[in-house]
Amino acid sequence: MTFQSILDEIKNNLNKVLSEMSLFDIDFSVEPAKPGFGDVSSNVSYLLAKQLKKNPAQIAQLISEGYNKTQHTLVLKSEAHSSGYLNFFANWDRLCQLILSESHLDTFGFVELGKQSPIVVEHTSVNPNKALHIGHIRNIIIGDTVSRILRKADYKVNVLNYIDDSGLQVADIIVGFTHFGFDQEPPNDKKFDHYCGDDVYVKTTQKYEEDFSLEEIRKNVLKELENGSSETAKFADIITRKVLANQLETCWNLSVTYDCLNFESQIIRSGLWSKIFEKLKEMKLVEFENDGKNAGCWVIRGDGKEEDKVIVRSNGTATYIAKDIPYAAWKLGLLDDPFHYEKYPIEQPNDQKLWQTTLNDSGSTEHDFTGQKVITVIDSRQARLQKIITDLMTKFKSVPDTYVHLGYESVTLSSDTAKTLGLETEGKQTQMSGRKGLYVSADSVYDLLKEKTIQETAKRNPDMRSEDIETVAHNVAVGTIRYEMIKYDLDKIITFDLTKSLSLEGDTAPYIQYTHARASRILEKSGRSTSIDVDFSLLIEKSELDLVKTIGLFGISVKDSANNLSPKVIARYCYDLAVSFNSFYEHNKVLGIENKKLEDARLCLVNSFKLTIERSLDLLGIATPDRM
RNA sequence: GGGCCCAUAGCUCAGCAUGGAUAGAGUGUUGGACUUCUAAUCCAAUGGUCAAGGGAUCGAAGCCCUUUGGGCCCGCCA
């Protein structure tokens, strides 16, 4: 926590100064200063204005004088600003040394928040009946990025993907295959998940609208799916696993990986529901309705103005939300684990092992994928249902904030993009719909970006081998998608536009990746390995010190981001870091300058930057090409 | 009818949690910088009644209340 050192020093010293003035327990701020106001600022004098009956500027003057008498190593001096702020100027010789040497350690940016406690992050959880679209991608990238950040914050993260393989959407494509004559082989090399989503699913649901009598078939298939031993269920298992494999391919391609796949069909067959139902009845969290509109149902009472929620229908079957309750309790480790675990048949591209639940105990391994805390990434349209689950879990495990619904706004299509898909929206953005075939698939966006990047990279690097161009283009395409999905606040709607979202300039991943390529090139051309045994006092230019400062803020950003489950904080940090480097790059020459000691110091700085941008972009799952 | 979210520059967004200095980026438009460590870059200009109104405060883009505009959710569907 490098820059934190100077903040800590100032905080301690300020407290000393205050206690000499017989002032205690003042909750003042000490934070990195705005440009032009020194290096660190504190609002302490504002907070004392009333108590001391003096204006803030006078108080700042007083404290500043006191401060300059204290022992300080990282601060050169403090200064009272006429506004009342107290500004501090850093001892950059020492701070450079501290920040730059620490940034060379593998642990740089690591913060001890989680203390290795297990935490569950569930994301993706897409019905296995279609290809992933750009809306799913927001969920997936948020989940994956949060997982990476929590790992950096010392949590033991278990990443889960819930496979809803027995719901209505799956039933729909099964009906398509078994009743409407869709071939099991997709036409001309189409990916199977795209075929199921674009053709089978869309056209099958269309038929329902034309002929309501088909509803009967659909209901029967759904019923057969829940009974695991039926032929329909076995057939559905084959189909959904094929789709799932394709979906995972898309995820892996975007550098997203998991620890365990949980299948809904197995949760249903495990009998977890009846156990949790008994518990709910015992704890009086559900009540049986004798009359009224929900007569014959078991309901959860809504608090205040909320409506009661039916969880068991009058025919005895569980509703959608009810299926989520045992899973939520399982994730928190509140139930005896009925599952065994086996390796997923396909390996993930990184070293991470992928497991899947099974009810078959022959030769399988025991694992614990539960967590003391659980984070479920689902879009905010489900907020109401998630609140019911969260409330229940809080009653089961009486520790607050252990079950968190991490909600986010949806991705919509711009009017122009909707038009290219054949929908006229009169200039308005529009929600995507899998059922109507109104979506932009993740694979197609990736392909478009990759093609664009291949051309750009080939143009810039005529001597580059085509497989290297391919790799660069892959990394840039993935980076662009991931950055676009993470840089906005979670509660901002992202309007996806096929043209505008493919930009590679400005506040984008390629901009940041490009700074890494620049840094790599300098280090490569220097022809030697960098040392941290250099004269840091030679780094005096504003753009040099700004870069050092930004590097030093990495840990603070990680902490902020992890505490608030706010992945965009890291995206902003990466961007700020890249801007600092570009400014340094434009204003200072590193190689071929007369002062060799300065060259050494700058090389050290470039290397620190390179390591830090690699680590911070890695938190976003974005790779850092050496050339591009 | 009830609930959740959003509103800051022409456009897309930071800043709001934890009130304090001169409200910042990108993009767009206009001009400038490649014989130099890669111009996916940089520099400059342009652009703001922080939706409106009220309140508490020495002090509000930020906190509280109201209103307006926009999005979403409220089934014995999933």
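**Helix packing and sheets in a predicted model**

Helix H4 passes helix H18 in a left-handed crossing. In this model, which is predicted, H4 spans residues 92-103 and H18 spans residues 542-552, and their axes come within 10 Å while crossing at roughly 50°. Because angles under 35 degrees count as roughly parallel and those from 65 to 115 as roughly perpendicular, this value makes H4 oblique to H18. On the side of H4 the contact is formed by Trp-92, Cys-96, Ile-99, Leu-100 and Ser-103, which meet Leu-545, Val-548, Lys-549, Ile-551 and Gly-552 in H18. When the residues of this contact are sorted by class, 7 are nonpolar, 2 are polar and 1 is charged.

A further helix pair is formed by H17, residues 509-526, and H20, residues 568-587, which pack at an angle of about 45° with their axes 9 Å apart. H17 and H20 are therefore oblique to each other, and their crossing is left-handed. From H17, the residues Tyr-511, Ile-512, Thr-515, Arg-518, Ala-519 and Ile-522 take part, and they meet Cys-574, Tyr-575, Ala-578, Val-579, Phe-581, Asn-582, Tyr-585 and Glu-586 in H20. The residues of the contact between H17 and H20 divide into 10 that are nonpolar, 2 that are polar and 2 that are charged.

Turning to the strands, an open sheet with mixed pairing is built from 7 strands, arranged in the order E11-E12-E7-E6-E5-E13-E14. Strand E11 (340-343) and strand E14 (403-406) stand at the edges of this sheet and have a single partner strand each, so one side of each is left without a neighbour in the sheet. On average, and with direction ignored, neighbouring strands of the sheet are turned by 30° against each other. Within the sheet, strand E7 (residues 260-263) and strand E12 (residues 355-358) run parallel and are joined by 2 bridges, and Cys-260 stands opposite Trp-355 in E12.

Helix H5 (residues 134-152) touches strand E5 (118-122), strand E6 (156-163), strand E13 (373-377) and E14, and the direction of H5 makes about 160° with that of E6. Helix H12 (residues 320-331) lies across E5, E6, E7, E11, E13 and E14, and runs at about 160° to E6.

Another open sheet, again with mixed pairing, consists of 3 strands in the order E16-E15-E17. Its edges are strand E16 (430-431) and strand E17 (494-496), each of which has a single partner strand, so one side of each is left without a neighbour in the sheet. Strand E15 (residues 411-413) is joined to E17 by 3 bridges, and these two strands run parallel; the bridge partner of Thr-412 is Thr-495 in E17.

As for the division of the chain, domain 1 (2-90) and domain 2 (415-502) are assigned in chain A, and the C-alpha centres of these domains lie 48 Å apart. Ser-29 is found in the loop between helix H1 (2-20) and strand E1 (30-32). Although Ser-29 and Asn-43 are 14 residues apart in sequence, their C-alpha atoms are 5.8 Å apart in space. If neighbours within four places in sequence are left aside, Ser-29 is in contact with Ser-41, Ser-42 and Asn-43.

Methods:
Residues numbered from 1 in each chain as written. Chains lettered and ligands numbered in written order. Predicted model: local features only at pLDDT ≥ 70, side-chain atom pairs only at ≥ 80, totals over all residues. Heavy atoms only, no water. Axes fitted to C-alpha atoms, helices over the stretch in contact; angles between N-to-C directions. Helix = DSSP H or I, 4+ residues; strand = E, 2+ residues; numbered from the N terminus. Parallel < 35°, antiparallel > 145°, perpendicular 65-115°, else oblique. Left-handed = near helix turned anticlockwise from the far one by under 90°. Contact = heavy atoms within 4.5 Å. Nonpolar A, V, L, I, M, F, W, Y, C, P; charged D, E, K, R; others polar. Pairing = 2+ DSSP bridges. Domains from an automatic or database assignment.
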